[in-house]
Amino acid sequence: LPKAILRKELSHFEKMGIRIECGKELGKNLSLDDLKAKYDAVVIAVGSWAPSSMRIEGDELSEMGIRWLEGIAAKNWKDCPNPGRTLVVGGGNTAMDCARTALRLGGDVTIVYRRTQAEMPAEAVEVNEAVEEGVKLQLLTAPVQLKKNAAGHLVLTCRKMQLGEPDASGRRKPEPIPGFEF
C-alpha cells in the first residue's frame with residue numbers, strides 16, 4: 001500500500017488505544033522480560049522475509065519478490081517505474097503482493113503457478129482481488145529455465161503440469177506433462 005493509505009489504516013488502531021511499535025529487535029532493544037513487566041497482552045508479529053528461489057537454471061537472473069517489494073516500499077510510490085510485462089512465479093501471499101503492486105505501477109501482470117487456483121497457498125480473497133484488478137493467472141505451469149535472449153530480454157521456459165496424488169502438504173502434487181514446454 002502507498003504509505004499515506006497505510007498511515008490512514010493504522011490510525012484506526014491508534015484511535016482504539018492500540019500502540020504499534022516498529023523497528024524493534026528482540027534481544028537488542030526489546031526483551032521478553034520488559035514486555036511481561038509492562039503489558040498484560042503483547043502481540044509480536046514477525047514477518048517471514050526470507051525469499052525462496054525457483055530452483056531452476058538461470059534463477060540468478062530473477063528478482064526475488066520480497067526484495068522487490070522492499071525496494072518499492074523504500075521509495076515514493078510515484079517514483080517507481082512501470083515494470084512493464086511482468087511474470088510473477090508462485091501462488092503465495094508475496095506473489096499476490098508483487099502482482100498487485102506491479103499492476104498498480106502500470107504493469108501487464110501474469111502469475112505463473114504450478115497447481116490450480118484452489119491449491120494456491122495465498123489467502124483466497126487476495127487471489128480473487130488480484131484477478132479482479134486485472135492480474136492474469138497461468139495455472140498448472142511450472143518454470144523450467146530462465147535466460148536472456150539475443151536482445152537481452154528475459155525468457156522464461158515453462159512446462160505444463162497436471163495434478164497427481166497429494167503430497168506431504170495435503171495438496172495434489174504437480175507432475176509434468178511430457179512434451180509440453182513453452
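From the N terminus on, the elements of the protein chain run α-α-α-β-α-β-α-β-β-β-β. This amounts to 5 helices and 6 strands, where helices (H or I, at least four residues) and strands (E, at least two) are DSSP runs numbered from the N terminus. The model is a predicted one, in which local features need pLDDT of at least 70 and side-chain atom pairs count only at pLDDT 80 or more, while totals for chains, interfaces and linings use all residues. Residues are numbered from 1 along each chain as its sequence is written, and side-chain values use heavy atoms, with hydrogens and water left out.

Taken along the principal axes, the box filled by the C-alpha atoms of the protein chain is roughly 65 × 40 × 30 Å. Of the 182 residues, 26% count as buried; buried denotes under 20% relative accessible area, exposed over 50%, and partly exposed the range in between (1.4 Å probe, protein chains only). The accessible surface of the protein chain is about 12500 Å², and carbon and sulfur atoms hold 53% of that area. These areas come from the Shrake-Rupley method with a 1.4 Å probe; for residues, only the protein chains shown count as cover. Among contacts with a separation of 6 or more, 48% are between residues 24 or more positions apart, a contact being heavy atoms within 4.5 Å.

Three of the strands can be followed as a sheet. This open sheet of 3 strands has the order E4-E5-E6 and antiparallel pairing; two strands pair if DSSP finds at least two bridges between them. Its edges are strand E4 (141–148) and strand E6 (172–181), each of which pairs on one side only. Neighbouring strands of the sheet are turned by 35° against each other on average, direction ignored. The axes behind this angle are lines fitted to C-alpha atoms, for helices over the stretch in contact, and angles run from 0 to 180 degrees between N-to-C directions. Strand E5 (residues 154–166) runs antiparallel to E6 and is joined to E6 by 5 bridges. Within this pairing, Met161 has Pro176 in E6 as its bridge partner.

Arg100 belongs to helix H4 (residues 93–104) and Glu126 to helix H5 (residues 124–133), so that the pair links distant parts of the chain, 26 residues apart. Arg100 is buried at a relative accessible area of 10%, whereas Glu126 is partly exposed at 23%.

A salt bridge also connects Arg104 with Glu133, whose closest N and O atoms are 2.9 Å apart. Because Arg104 lies in helix H4 and Glu133 in helix H5, this pair ties together parts that are 29 residues apart in sequence. Arg104 is partly exposed, with a relative accessible area of 38%, and Glu133 is partly exposed at 33%.

Arg115 lies in the loop between strand E2 (108–112) and H5, and Asp167 in the loop between E5 and E6, so the pair ties together parts 52 residues apart in sequence. Arg115 is buried, at a relative accessible area of 1%, while Asp167 is partly exposed at 28%. Elsewhere, salt bridges that share partners join Arg100, Arg104, Glu126, Glu129 and Glu133 into one network.

Definitions and conventions: A salt bridge is a side-chain nitrogen of Lys or Arg within 4 Å of a carboxyl oxygen of Asp or Glu.
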